[in-house]
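Thanks for asking me to look this one over. Here are my notes, with the structure placed first so that you can follow along.

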Amino acid sequence: MPWLQLIADTQRENISQIEDALLSAGAVSVTLQEHIPQGFQEQPILEPSLGETPLWDNSRITGLFTADCDTDQVSRLINQHANAETTLRWEQLEDKDWEREWMDNYHPIQCAESLWICPSWQAPPNPKATNVLLDPGLAFGTGTHPTTFLCMQWLATQTLEEKAVIDYGCGSGILGIACLLLGAKQVTGIDIDPQALTATQDNVKRNNLSPSQFPVFLPQKNHNIEPVDIVIANILAGPLVELADTLLSHLKVGGKLCLSGILKEQADKVKAAYSHYIEFEPVEQKEEWVRLCGYRHQ
């Protein structure tokens with residue numbers, strides 16, 4: 001199906017009105033991204049506070065429409081809600097099989113000498129290696145992001161045989177599945193997103209593992225989980241700080257903790273939330289992201 005997209009470059013105070021107008025005009029989706037006018041610098045937004053929806057001072061709002069929409073009528077409606085500085089333009093979007101486009105560009109990733117993440121629709125480059133077969137669906141965790149890669153590297157160095165693990169914020173299930181394939185006896189997945197729990201269960205089956213080896217829960221339903229040998233949480237710095245007591249309660253004394261989703265400048269704040277119980281190893285970094293690992297000493 002052919003598509004048209006209306007692109008509006010505007011300012012922070014005008015964003016919600018234009019977004020509402022696009023949806024009222026029949027947009028099937030609305031996307032927000034930063035717009036950098038000539039002479040301006042990039043304004044990075046890497047992690048919001050809880051309950052906050054951060055927006056750029058200068059933003060680009062794109063509404064996606066079917067090709068048979070009345071472009072003049074839509075433009076008039078948007079202009080009624082736009083300020084004088086807002087600019088509009090229509091573009092034709094190339095008709096593609098977007099799912100196939102993504103699949104064609106997602107390739108196997110080598111995380112360690114014998115640990116790979118492989119798209120489930122491709123043959124693993126090294127069949128003798130430990131290969132995590134993955135179709136992430138709508139959940140986070142393909143292995144391409146530095147935070148996931150850092151966690152996978154750490155797992156490849158651990159002795160996981162007969163260990164019990166919690167994957168907090170399991171996403172696609174990639175980290176927990178790697179643990180099972182590397183010898184863990186049980187992984188418990190926890191995530192706030194029901195779609196992540198579904199993706200995890202689907203990927204467990206793709207890797208010929210039993211669902212009983214990787215039960216999944218929403219956070220409010222995980223109160224009876226016994227403390228485990230390893231807790232992994234690849235989420236974001238803010239939630240990691242707020243969840244410190246929860247994650248520590250799931251970890252045995254002597255157990256290991258692996259935290260990621262943390263920017264370099266956030267590392268000290270996250271460490272401080274756990275430092276009374278965790279002896280941390282040196283920080284590992286990939287690009288602007290870091291991984292914090294250690295063991296519980298009391």
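This is a predicted model: local features need pLDDT of at least 70, side-chain atom pairs count only at pLDDT 80 or more; totals for chains, interfaces and linings use all residues.

1. The chain holds nine helices and 15 strands. Of its 298 residues, 45% count as buried.

2. Contacts along the chain are worth a look too. Taking those between residues at least 6 apart in sequence, 66% join residues at least 24 apart. As for the surface, the chain exposes about 15500 Å², and 48% of that area comes from carbon and sulfur atoms.

3. Now to the open sheet. Four strands make it up, in the order β2-β3-β1-β4, with antiparallel pairing. The edge positions belong to β2 (29-34) and β4 (87-93); each has a single partner strand, so one side of each is left without a neighbour in the sheet. From one strand to the next, the twist averages 25°.

4. As a reminder, strands of a sheet pair through backbone hydrogen bonds, either parallel or antiparallel.

5. Helix α1 (residues 15-24) lies across β1 (3-11), β2 and β3, and runs at about 5° to β3. Helix α2 (residues 71-81) also packs on the sheet, where it touches β1, β3 and β4. The direction of α2 makes about 145° with that of β4.

6. Is strand β8 (residues 164-168) enclosed or open to the outside? Five of its five residues are buried, so β8 is largely enclosed by the rest of the structure. In a regular strand the side chains alternate between the two faces of the sheet. Both faces of β8 are covered, with A164, I166 and Y168 buried on one side and V165 and D167 buried on the other.

7. Which strands pair with β8? One is β9 (residues 186-190), which runs parallel to β8 and is joined to it by five bridges; here I166 has T188 as its bridge partner. The chain gets from β8 to β9 by way of helix α5 (residues 174-181), and this β-α-β crossover is right-handed.

8. Another partner of β8 is β11 (residues 228-234), again in the parallel sense, over four bridges.

How values were computed
Residues are numbered from 1 along each chain as its sequence is written. Side-chain values use heavy atoms; hydrogens and water are left out. Helices (H or I, at least four residues) and strands (E, at least two) are DSSP runs, numbered from the N terminus. Buried means under 20% relative accessible area, exposed over 50%, partly exposed in between (1.4 Å probe, protein chains only). Contact means heavy atoms within 4.5 Å. Accessible areas come from the Shrake-Rupley method with a 1.4 Å probe; for residues, only the protein chains shown count as cover. Two strands pair if DSSP finds at least two bridges between them. Axes are lines fitted to C-alpha atoms, for helices over the stretch in contact, and angles run from 0 to 180 degrees between N-to-C directions. A crossover is right-handed if, with the strands pointing away from the viewer, the path from the first strand over the helix to the second runs clockwise.
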